[in-house]
Amino acid sequence: MKSISEKIKEKPIIGWLLFLTTLVIVFLLGLLASSVIERRAEAVFAYTPKLNHSSTEPRNEVWGENFPRNYQSYAKTKDSSFTSKYNGNAMIDMLEVDPRLVVLWAGYGFSKDYNQGRGHAYAIDDIRNTLRTGAPIDGNKSPMPNTCWTCKSPDVPRLMKEMGPAEFYKGSWEEKGHEVVNYIGCADCHDAKTMNLKITRPALVEAFERTGKNIKDATHQEMRSLVCAQCHVEYYFNKEKIEGVPYLTFPWDNGMSAESMEKYYDDMGFKDWTHQLSKAPMLKAQHPGYEVYLTGVHAKRGVSCADCHMPYKSEGGQKFTDHHIQSPLNNIANSCQVCHREETASLIADVYERQDRIIENRDKLEELLVHAHIEAKFAWDKGATEEQMKAILMDIRHAQWRWDYAAASHGGSFHSPVEIGRVISTGISTIQEGRLKLARLLANLGYNETIPYPDIETKAKAQAFIGLDIEKLKAEKKKFLEEVVPEWDKIAKDREAKYETSLN
Ligand code: HEC
Ligand code: HEC
Ligand code: HEC
Ligand code: HEC
């Protein structure tokens, strides 16, 4: 019998074969080891909970007993110290920054009060504080329905399970004030038993169904965006579905582009409000963040919302999902540099460059819209007829919808700069068409001069221009916050004290 080395000398190929086989075995062993380590990490999630609680438990801190890292990172959404060039989590009064918004939204709640969005932890405070929900006290009702609570709290899936969605949406906003008290949280995105991602809002499921898709077919990676699409989307209150119920609906039946949704609203003759100055039948874009994201290059390459806004993080040798949902510019290392090799400064510059260019044009569109509203009012005052104004008002409606689609899709100018740029340019051409018609009409009515532009240099001046008595609204709000809200919190505390939890 020959030794192995003799055999190799005769046939060197055997040596190579042995060498390659060893390589393959070492590689497989490596894979095994890494899989064991990963499974061990996973085993931590296939956990026995420390604390048992119901599947609809709305209190984040209770879930936090079982998942302290996820909970503690999520609680950081309370942070309000970061501002980027256009976004961040600080409390910023957008009407103060840009008083023209008051004119664009004249006759609608947003002209009273509009702040930049901040962390999830503020969802309840902010909806209570905003002048838009009014001061429901002494038998007065809020101008808003209960539907407005839908994207604010894990008390929502709890209530919907108890009473069904239609019953939840029904009635005015203050009626469920004592029920909806916990800020957006675990039960909005997770199944309590498995901790798998879960869609808890019927509007998203229904929108999928109407376009012939089943949300249950979504991949794991798609779910990492769809949990956000429960709230970061365009929606409206459909009052025709069920009598007396403002039923939360996503207008996606024709598609998700600005034009498709506009057609959806036009076809049903829907308007959010009639503009106080121009009398145009207006649409208010909510926040079509998901729709716009889908048109961008990251979505096309399979990057999810969670990849950038909830990146992985390591602590004490354990990898977990950082639940501090915020502007990724406050965390470039984990949010971007896992995929991009560029320096932090250069990645931030990429984001700002896109935002600067988009916002430059959006600003021009905004200016044109203010002119159009003021000129339209002028035409009415000069005796224009409904018939003469009709086409002009539709131009204003469509152009402002496009402006708002761009402005309210928070992050849109980075998520999909090409699409947002396109939408803004169609808005500019539409409003210029409208202003041409207006100029012709005014000439027919015997007026050929420039229309005077009001002094709306500050929020106060702009609100005075449209006749809002903000001090009165603020005083009523203060009373409501002092007298009604503590009552809501007390009732909620008593209820929650009765929820069952048990230690394992
Ligand atoms: C807005 C949606 C959202 C909310 C709210 C949320 N999570 Fe998550 N959570 C996610 C996503 C997305 C992942 C990543 C899941 C994946 O890729 O499988 C995740 C993952 C997890 C995991 C799996 C382990 C890990 O770290 O990846 C746990 C445990 C978890 N979350 C706990 C919580 C707890 C506790 C809360 C409440 C304090 C919470 N989550 C709130 C979306 C959410
Ligand atoms: C239940 C509804 C809901 C869900 C689900 C949800 N959000 Fe939000 N999100 C909100 C609301 C409401 C605000 C604004 C809160 C405020 O300003 O008071 C917000 C704010 C934000 C902000 C701004 C934070 C800041 O610091 O400025 C980001 C970023 C964000 N959400 C990302 C996400 C991502 C990513 C997901 C999915 C993983 C998600 N959200 C899921 C409702 C939701
Ligand atoms: C999971 C991987 C991943 C993450 C995380 C990620 N990117 Fe990307 N990014 C990509 C891919 C893939 C492309 C498309 C490049 C291609 O296909 O050539 C891309 C493209 C880009 C582009 C060019 C797009 C354009 O508009 O022309 C920019 C800028 C960019 N990323 C910035 C960022 C920033 C900033 C972050 C963090 C907030 C980030 N990316 C996070 C994978 C990622
Ligand atoms: C490739 C990374 C990336 C992906 C994917 C991504 N975002 Fe963003 N997002 C960003 C960046 C960068 C900004 C701009 C932050 C800034 O200007 O401070 C941003 C801004 C935002 C904002 C405004 C933040 C603020 O501070 O007010 C929201 C809300 C948001 N994104 C939600 C989402 C949602 C929802 C999805 C999925 C549908 C998503 N994002 C997908 C990178 C991403």
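Let's start with a helix pair: the axes of helix 18 (residues 344–381) and helix 21 (residues 417–444) come within 9 Å and cross at roughly 20°. Keep in mind that this is a predicted model. Angles under 35 degrees count as roughly parallel, and helix 18 and helix 21 are therefore roughly parallel to each other. Their crossing is left-handed. Sorted by class, the residues in the contact of helix 18 with helix 21 are 15 nonpolar, six polar and five charged.

Now to the ligand. Around ligand 1 there are 23 residues, and the closest are Asn70, Cys186, Cys189, Phe320 and Thr321. Four elements are listed below, each giving two or more residues to this shell.

| Element | Residues |
|---|---|
| helix 3 | 60–64 |
| helix 4 | 68–75 |
| helix 10 | 186–189 |
| strand 7 | 318–321 |

By class, the shell around ligand 1 holds 14 nonpolar residues, seven polar ones and two charged ones.

Helix 4 also carries Tyr74, a residue worth a look of its own. Is Tyr74 buried or exposed? A residue is buried if 20 or more other C-beta atoms lie within 10 Å of its own; Tyr74 has 26 C-beta neighbours inside 10 Å, so Tyr74 counts as buried. Leaving aside residues up to four places away in sequence, Tyr74 touches Asn60, His323 and His324. There is also His120 to consider: Tyr74 and His120 are 46 residues apart in sequence, while their C-alpha atoms are 8.6 Å apart in space.

Methods. Residues numbered from 1 in each chain as written. Chains lettered and ligands numbered in written order. Predicted model: local features only at pLDDT ≥ 70, side-chain atom pairs only at ≥ 80, totals over all residues. Near = placed C-beta within 6 Å. Nonpolar A, V, L, I, M, F, W, Y, C, P; charged D, E, K, R; others polar. Axes fitted to C-alpha atoms, helices over the stretch in contact; angles between N-to-C directions. Parallel < 35°, antiparallel > 145°, perpendicular 65-115°, else oblique. Left-handed = near helix turned anticlockwise from the far one by under 90°. Buried ≥ 20, exposed ≤ 12 C-beta atoms within 10 Å, placed from the backbone. Contact = placed C-beta atoms within 7 Å.
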